[in-house]
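Thanks for coming, everyone. I will take you through one model today. Please have a look at it first.

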Amino acid sequence: MAAHRKPRQRSLGGSTARTAATIALAGAATATGFDGTGHAAPPPSPDEVKARVDRLYREAETATEKYDGAREQAGKAQERLNTLRDEAARRTDRLDSARAALGSAAAAQYRNGGIDPAAQLLLSSDPGRYLDDAAFAERAGDRQAAAVRHVRTQMQEIALLRGAARVELASLKSRQTELRRQRRTVDRKLDEARRLLSRLTGEERAGLMGDEGTGRASRSSGRDLPDWMPPSLATAQAPGARAAAAVAYAYAKLGSPYVWGATGPHAFDCSGLVQAAYRSAGVALPRTTYAQIGAGRRVSRAELRPGDLVFFYSGVSHVGIYVGRGQMIHAPNPSAPVRLAPVDQMPFAGATRVA
């Protein structure tokens with residue numbers, strides 16, 4: 001009687017195994033869909049949108065301050081380069097005059113035939129005058145040669161300085177290009193944030209952006225703030241006339257739009273508003289927050305008086321003008337105009353009194 005053999009099972013290999021795996025995955029995905037755990041992630045909440053927008057605005061402001069500083073330095077480098085070019089042109093003119101004088105002296109010597117000085121003395125009708133003329137000519141020649149050497153040395157120095165200025169300017173332009181690239185990246189992020197904000201209701205957007213997250217509306221006038229400081233009182237409490245003038249200027253610009261890189265008179269970024277306010281008072285301040293914080297005498301938060309500059313965040317990337325009662329005037333970000341706001345609205349980094 002023949003033995004009955006149990007048929008061997010084929011291993012799942014090649015396309016058969018891939019087919020089985022695909023079916024299994026599809027089944028798992030279907031099962032996940034049925035039990036409700038595989039749906040898309042929920043849209044971000046209004047608070048999450050606000051946190052992301054705030055972060056993007058801070059990144060944009062940091063890039064703006066760096067760009068402003070690079071542009072200011074590039075302008076100064078261009079001024080230095082222009083000064084060097086003008087000075088080089090003036091010295092070149094003087095050198096050309098010296099060369100012309102040397103050429104005239106050489107031509108006169110050639111016309112005289114290069115006669116030996118002793119022979120000229122013997123042949124001169126007035127030996128005394130000849131000796132005087134010869135001594136003067138020798139001294140004049142020495143002075144002229146020294147002047148030419150001096151001017152040539154100066155020209156070499158100017159050429160080196162001019163080359164250094166060109167290198168500096170090229171470096172700054174390259175830096176500006178990089179900063180603009182960074183700003184474009186931030187702008188793309190801001191566009192994304194605006195798209196997220198557009199999905200919120202008008203009431204939700206107003207609640208989020210009305211006072212940069214403090215929960216209180218801060219209109220451009222500021223009169224709805226609990227501790228609103230009238231302009232007349234703020235200027236009266238300023239430590240000096242220049243600080244009072246800067247405060248008055250800031251009040252006059254309430255409601256002006258925020259524009260990155262702007263220094264007025266109709267639009268501002270945060271450091272541009274501060275610079276313009278004190279410029280109106282006759283005080284020249286640096287362009288950026290990083291430089292402005294070192295432009296005066298540091299004061300503590302308890303010592304604040306109207307006109308003091310108040311700085312925020314660990315990187316000192318934002319600035320406002322203190323106006324009293326815990327309030328400041330600042331240019332917040334592209335979503336808000338120049339406005340009054342509480343100083344405790346952002347992480348405090350320090351304060352400076354410049355006038």
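**A walk through the model**

Arg305 is partly exposed, at 35% relative accessibility. The cut-offs are these: buried means under 20% relative accessible area, exposed over 50%, partly exposed in between, with a 1.4 Å probe and protein chains only. Arg305 sits in the loop between strand 1 and strand 2. Helices (H or I, at least four residues) and strands (E, at least two) are DSSP runs, numbered from the N terminus. Leaving aside neighbours within four places in sequence, Arg305 contacts Gln237, Ala238, Pro239, Tyr322 and Arg353. Contact here means heavy atoms within 4.5 Å. Ile321 is 16 residues from Arg305 along the chain, with 9.7 Å between their C-alpha atoms.

A word on the source. This is a predicted model: local features need pLDDT of at least 70, side-chain atom pairs count only at pLDDT 80 or more, and totals for chains, interfaces and linings use all residues. Residues are numbered from 1 along each chain as its sequence is written, and side-chain values use heavy atoms, with hydrogens and water left out.

Now confidence. pLDDT is the predictor's confidence in each residue, from 0 to 100. The chain averages 75, and 65% of the residues score at least 70. Which elements have the lowest and the highest mean pLDDT? Helix 1, residues 14–35, is lowest at 44, and strand 2 is highest at 98. Residues 1–36 have pLDDT below 50, and that stretch makes 3 contacts in the model beyond near neighbours in sequence. Residues 211–221 are also below 50, but that stretch has 38 such contacts.

Next, the cores. A nonpolar core is a set of buried Ala, Val, Leu, Ile, Met, Phe, Trp, Tyr and Cys residues joined through side-chain atoms within 4.5 Å. The largest one has 34 residues, and Tyr251, Tyr278, Leu309 and Ile329 touch the most other members. Two or more residues come from each of helix 7 (241–252), helix 8 (270–280), strand 2 (309–312) and strand 3 (318–324). Helix 7 gives the most, with 7 residues. Take Leu309: beyond four places in sequence, its contacts include Val274, Tyr278, Leu285, Val319 and Ile321. A second, separate core has 11 residues, among them Leu304, Val310, Tyr313 and Tyr322.

On to Ala295. Ala295 is in the loop between helix 9 (289–292) and strand 1 (297–299). Is Ala295 buried or partly exposed? Ala295 is partly exposed, because its relative accessible area is 36%. Leu285, 10 residues away in sequence, is 6.9 Å from Ala295, C-alpha to C-alpha.

Compare Thr64, in helix 2 (46–111). Thr64 counts as buried because its relative accessible area is 1%. Beyond four places in sequence, Thr64 touches Arg183, Tyr258, Trp260, Gly261 and Asp269.

Last, the second largest pocket. On a 1 Å grid over the protein atoms alone, a pocket is an open set of points where a 1.4 Å probe fits, with protein on both sides within 12 Å along at least five of seven lines; lining residues have an atom within 4 Å of a point. The second largest pocket has 18 lining residues, and Tyr57, Arg58, Tyr313, Asn333 and Met346 lie nearest its centre. Helix 2 gives the most to that lining, with 6 residues.
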